[in-house]
Every structure is written in C-alpha cells, then in structure tokens.
Amino acid sequence: MIAAKFSMLQHVCIIPFARATLHRSFTVSASATTTASPSRNLTVSSSTSSSRAPHVDPRVLLGMSEHDLQQLAVEFGQQSYRGKQLHHLIYKRKAKEIQDFSHLPQGFRNDLIEAGWKIGRSPIYQNVTAADGTVKLLIKLEDNRLIETVGIPVEHEKGSMRLTACVSSQVGCPLRCSFCATGKGGYSRNLKRHEIIEQVLAIEDIFKHRVTNVVFMGMGEPMLNLKSVLDAHRCLNKDIQIGQRMITISTVGVPNTIKKLASHKLQSTLAVSLHAPNQQLREMIVPSAKSYPLDAIMKDCRDYFAETNRRVSFEYALLAGVNDSVEQARELADLLHEWGHSYHVNLIPFNPIEGSEYRRPYKKAVSAFAGALESRKITVSIRQTRGLDASAACGQLRNNFQKSPLLTESEHEKAESDVAVAC
C-alpha cells in the first residue's frame, strides 16, 4: 500500500464523557463534538454543530482513523486498545449498529449511544442486478434522499475477481452535462465523508467480496466536494486498505481544483471528462466548460503530471454524429500532443438515457475513432459497457429522489389522504 502523502485538516474540540471527572481536548479528523445525555450529568460543550465542517457528521465513527478511535475510547474512560477494537469492528467486521459491538463492554456501548454517536451506515433502499452481474444499489440517506452506487465484478481466468465500486460524491449533480442522466435529475447536496465510504462497504456486503478498485464516477462532480472526497480517499486507502493506484477520481473540470488535487500528490488516477477536441463543441456538450476553457484545463493537466508524475486519463463519451468522426479524433490527438505526451484516452460509447437526443455510435465508428488516435501515438482504450439493462452504465445513474427526499411513512399517508379528498 502506498502511503497517502497529503495531510488531513484536523479540528480541535472538547468531548465530554460519562466516566471521567476531568474534561480533556483532543484532535480528530471527524471534528467530533459530543452532546451528552442529560441523565449522565455531563457538561455540554459550547462548541455546537454550527461550527463544524459541513462535510463531516461530528458523531459518526465511519471515516475515523485508528488513532482517532483510540483517542475517542480514552475520552470515554476506556483503555486505548478499545479504539483498535472499534477500528476492527467498523472496517473489518463491518458492523452497522453500535449494539453490534459485542466485543466491547456494554457500558461503553451505552455511553457512545447516549452521547449521540453512531456508525454511519445507511440502509439499502433497492438493488438491481444486470445480466452481466453488475449491481446498482440505491442507498437511503438519513435525510431520506437516495444515492446510487454500482458494483462491477470482473472474473479473471485464474479464478480471482476484480470488484470495482463506482461511488457517488453528491446527491445528484449541478453541472448538467447534456448526455448524462444524473444532471437531468437535479441536485440536492454534497455527500459527507461517511456517506461516500459506506457505498464501498455496501458493495462488499452485497458481493461478499472485498472491493479492489474504486472510481469516483457515480453521481455528482467530485471536485465540487473535494474535501469529503479526499477524506474518504484517506479512509479507503488507510483503513479499508485499497491501494491508491486502485482509486480513480473523475472530473468534468472545475477551475482551480486540479491544482489543489495535485498539491496532495496522490498516486491515484485523475480522469478528466473531455468529450470534445475543441472549445466550441465542448461547450455544447458540457455547459460548465464556458467557465473553464479547454486551454486552461489542458494546462492544469500538464501541470498535474509535472507535480505528481501520474498520467492523466481523458474520458471521451462518443456521441453518434456529434463528436465521433475520424477528423475529430485527429483533432483530439493534435490537442493532446500540443500539451504533452503522457496521456491516455478512454472512449465511452454513449449509453442511452430517456429523453436524450443523442445516439450510440456503431462499433465501426468507435473502432475507426480509436484507430485514428492510435495511429498518432495516443494510448487508447474502449470502455466495456456494463450494467446497461439495469441503467447502471456510465452516464445512466439517476433516480427520482435526487432533488426531493422520499416521503416518510406519515407524509406518505397524508399525501394519499389529500389525494382521496381531492377526488
């Protein structure tokens, strides 16, 4: 495992606990501020949730490092090894409720619960399995919104399996790329750190197999939620032990964020959604490109390679009759050569979505486009379409509850009552 070289921002806070007579302060990346139960006669810190970072729930265990969990245990009057046990139960045993911590004293479990702590695992609302074994999960968050994550299994000849988790970073997406279903479904909010991490654990639960690869290519624009993405990346690498080179962060391009990502010197792959060989066409396909000119994004990609020594991968969705001609492939090759040589192009034949005017190109057109790039010394691959019949393929992720949350049971009953009265 390659050690992560970026440093996490940490916040100092006071955590009251049940069994100690003195208050201590300690630093945890979860920015934990515990509000104790009145029945325990605890002093409540004046540092309330209003001052915490929005990407972290202050009383969620998922996402905390082993060191943080050890400090938390000590603050509750326990030996530090209880923190190691917490770490094992969360990341290895994948416990979903604190009462499932059977190896911990009942008193410690009760104290955690009464102080408002939780693991941070959400229920699976629905899952769909495609004919090729790809699974799409709808995960129901605490605010009743749904996010989608996809598990993609690939069997190797020797019997081993690569299991990729395609994770979301936002509820919906605000960028509205014209070919993508997620943008058409609206946008609600960024995901918190634990809401990203739990997607990987949910995929592992479904497949009964460890996730080997993670791609931030689900719902949302990761660079618009970079703090949570980096926090989740640290946990996936350090705590869940997925190699940095097995993690890909995708972006359609947000000004100044590629530079920020480069400063962390990750060994993960940066995938930039390009989709066009020139600015005019890119603006038509990706509306947000108007604020981030092609020359600027290419310069940032060149600088990213210089900073990290990691090759940038370009995602290119092939849209029949729009951006898939051999001439456009040659133009793309010229663009890449102008800005460097350590690039890779991943071609993605368009996956149909409801209400779209775009069409999927014929295999012959895809092959011709790839051949034109290869003839100009551009490394190219064609993404295998997976999960198409489950609407789980690239660009297809969308649900009806991105913009508005699910109704609670009481709200649903009221809505049905209102309809009955109206009728």
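Glutamine 70 counts as buried because its relative accessibility is 18%, where buried means under 20% relative accessible area, exposed over 50%, and partly exposed in between (1.4 Å probe, protein chains only). This residue is found in helix H1. Helices (H or I, at least four residues) and strands (E, at least two) are DSSP runs, numbered from the N terminus. Glutamine 70 touches Ser80, Gly83 and Lys84, not counting residues up to four places away in sequence. Contact here means heavy atoms within 4.5 Å. Helix H1 spans residues 66-75, and its buried residues are Asp68, Leu69, Gln70, Leu72, Ala73 and Glu75. Just after H1, glycine 77 takes a positive phi of about 80 degrees.

The model is predicted: local features need pLDDT of at least 70, side-chain atom pairs count only at pLDDT 80 or more, and totals for chains, interfaces and linings use all residues. Residues are numbered from 1 along each chain as its sequence is written, and side-chain values use heavy atoms, with hydrogens and water left out.

The protein's secondary structure comes to 12 helices and 14 strands. Of its 423 residues, 55% are buried. Among contacts with a separation of 6 or more, 68% join residues 24 or more positions apart.

An open sheet of 10 strands runs in the order S3-S4-S5-S6-S9-S10-S11-S12-S13-S14, with mixed pairing. Its edges are strand S3 (124-129) and strand S14 (379-382), each of which pairs on one side only. From one strand to the next, the twist averages 20 degrees. Two strands count as paired if DSSP finds at least two bridges between them. Strands of a sheet pair through backbone hydrogen bonds, either parallel or antiparallel.

Both senses of pairing can be illustrated. Strand S4 (residues 135-140) and strand S5 (residues 146-155) are antiparallel, over 6 bridges. Isoleucine 139 has isoleucine 147 in S5 as its bridge partner. S9 and S10, by contrast, run parallel and are joined by 3 bridges. Valine 214 stands opposite isoleucine 247 in S10.

Strand S10 is mostly covered, with 5 of its 5 residues buried. Ile247, Ile249 and Thr251 point one way from S10. Thr248 and Ser250 point the other way, and they too are buried.

Helix H6 (residues 226-238) touches strand S9 (213-216) and strand S10 (247-251). The direction of H6 makes about 165 degrees with that of S10. Axes are lines fitted to C-alpha atoms, for helices over the stretch in contact, and angles run from 0 to 180 degrees between N-to-C directions. Helix H10 (residues 326-339) lies across strand S12 (312-318) and strand S13 (343-349). H10 runs at about 155 degrees to S13.

Helix H5 (residues 193-207) has 15 residues. H5 reaches 23 Å from its first C-alpha to its last, close to the 21 Å expected at 1.5 Å a residue. The expected span is 1.5 Å times one less than the number of residues. H5 is mostly covered, with 13 of its 15 residues buried. Arginine 193 lies in this helix. Arginine 193 counts as buried because its relative accessibility is 2%. Its C-alpha lies 9.7 Å from that of asparagine 225, although 32 residues separate arginine 193 and asparagine 225 in sequence. H5 is followed by lysine 208, whose phi is positive, near 55 degrees.

A nonpolar core is a set of buried Ala, Val, Leu, Ile, Met, Phe, Trp, Tyr and Cys residues joined through side-chain atoms within 4.5 Å. The largest has 87 residues, and those with the most contacts inside it are Leu61, Phe101, Met298 and Leu373. H5 gives the largest share of this core, 7 residues. Another core, of 18 residues, lies apart from it and includes Cys173, Cys180, Val286 and Ile353. Phenylalanine 101 touches Leu61, Leu86, Leu89, Ile90, Ala95, Arg109 and Ile119, not counting residues up to four places away in sequence.

The structure holds 0 disulfides, a disulfide being a pair of cysteine sulfur atoms within 2.5 Å. Cysteine 177 counts as buried because its relative accessibility is 12%. Cysteine 301 is likewise buried, at 0% relative accessibility.
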